[in-house]
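Dear colleague,

Please find below the structure that I am handing over to you. My notes on it follow directly after it.

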Amino acid sequence: MSQRPATPRHGLLWHTGSPRTTLALLALLGGLVLLRPGGWPLALPLALPLAALVVNLLAALLRHPAFRRQVPLLVAHLALLALVVGVALGRLLALDGHFELTQGLPFDGQLIDRQAGALHVDRLQQLAFRHDGFEIDYAPGRKRGATRNPVTWVDEDGQPRTAVIGDHRPLVLQGHRITTSPNKGFAPLLRWQPTVGTPVRGAVHLPSFPVHELRQSREWQLPDGRSAWVLLQTDETLIDPARASRFALPAQHRLVVRVDDQRAELAPGEALVLPGGTLVYEGLRTWMGYRVAYDPTLPWLLAAALLSALALGVHYLRKFWSGRPATVAAPAARTVGVVDG
């Protein structure tokens, strides 16, 4: 009885299309994405293993005729390849960063820190929105609850829009997902009125509250190079650890201001006269820290993952529930004749 010749386990095609090669290339790709040095551009390191994965899949199609005969299995592998390529492309286009925004002031597109792909096109300056304060409930022990942050922006039609966002409830603007972070605090609003020249207005974001409750001070740079040291001073217990509380501005407070050898305690609306101009304390607001994330490939990644899972499901359904016998009948036993003596 003739037997079908076994597939030779040697040669370039066999090794290129083997599952071991696939696993090695996927491990290399994951290592480049996760462990690359911060200064490396991501495009070139990812291009090499991705190109090798494409060659690996084509070699597997030539090596295994089952791929060509079983369409669901082929679709599943192509969807997995699309998933890998999509992840790499997403990293090239993605943006992840953080910024802080003063209550009532518009976002200017500047980030405190950012990680952007080599192909990312920055459009943050187009995301004009502002936050109008926030509410955070605290359980006893200062256990932070959900953040409710009303925001206002103008949509593509020029109409003002409002929404309430939080840590897990994003504001989506032109594909950018903006969520609140645990970082928030108080922001004294100052105005420098020079004797000659244009006034300068700015907010001082004091350290995050209540994490740095005892360090509510920071410096603000004046246009002439001097530094104004400011300290928020209040006798109130703003978030009582012994009972349920809510983040709120103090009802009574003073702002301690020190420039060179001059010191003053200012209420909202009061000013400190300095050589060359006047420093006016306009009032106290809040600031909120935000995270912004952008990845246009996320819907496609979800579609590729669902397609791969569906194709594999169809493949195994056809394999195990097609009605074909699961076993092959054993060959008949050979009989041995008995020779009479």
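Helices in these notes are DSSP runs of H or I with at least four residues, numbered from the N terminus. Please bear in mind that this is a predicted model.

By that definition, Phe-320 is found in helix α6, which covers residues 298-320. With a relative accessible area of 54%, Phe-320 counts as exposed because the cut-off for that class is over 50%. Together with Tyr-316, Leu-317 and Trp-321, Phe-320 makes a nonpolar surface patch of about 530 Å².

I turn next to the largest pocket. The space in the largest pocket amounts to about 340 Å³. Its lining consists of 16 residues, and those closest to the centre of the pocket are Thr-22, Leu-26, Asn-56, Leu-57 and His-77. Three helices, α2, α3 (43-63) and α5 (71-93), each supply at least two residues of this lining. In terms of residue class, the lining holds 10 nonpolar and six polar residues, with no charged residues.

Helix α2 (residues 19-35) is also the place of Gly-30. Gly-30 has a relative accessible area of 27%, and it is therefore partly exposed, as this class lies between the cut-offs of 20% and 50%. Although Gly-30 and Val-84 are 54 residues apart along the chain, a distance of 9.7 Å separates their C-alpha atoms.

Several points of backbone geometry also deserve a record here. Two residues other than glycine have a positive phi, namely Arg-142, with a value near 60°, and Asp-260, with a value of about 55°. Arg-142 is found in the loop between strands β4 (135-139) and β5 (143-154), whereas Asp-260 lies in the loop between β13 (254-259) and β14 (262-266). Asp-260, by contrast, counts as exposed, with 57% relative accessibility.

The remaining point concerns a peptide bond. The bond from Phe-209 to Pro-210 is cis, and its omega is near 5°. Pro-210 is found in the loop between β9 (200-203) and β10 (217-221).

With kind regards

Definitions and conventions. Residues numbered from 1 in each chain as written. Predicted model: local features only at pLDDT ≥ 70, side-chain atom pairs only at ≥ 80, totals over all residues. Heavy atoms only, no water. Buried < 20%, exposed > 50% of the residue type's maximum accessible area, 1.4 Å probe, protein only. Patch = residues over 30% accessible without salt bridge, like charges linked within 9 Å, V, L, I, M, F, W, Y side chains within 5 Å. Areas by Shrake-Rupley, 256 points an atom, 1.4 Å probe, with all protein chains shown as cover. Salt bridge = Lys/Arg side-chain N within 4 Å of Asp/Glu carboxyl O. 1 Å grid on protein atoms, 1.4 Å probe; cavity = no way out; pocket = protein on both sides within 12 Å on 5 of 7 lines; lining within 4 Å. Points joined across faces, edges and corners; volume = space filled by probe spheres on them. Nonpolar A, V, L, I, M, F, W, Y, C, P; charged D, E, K, R; others polar.
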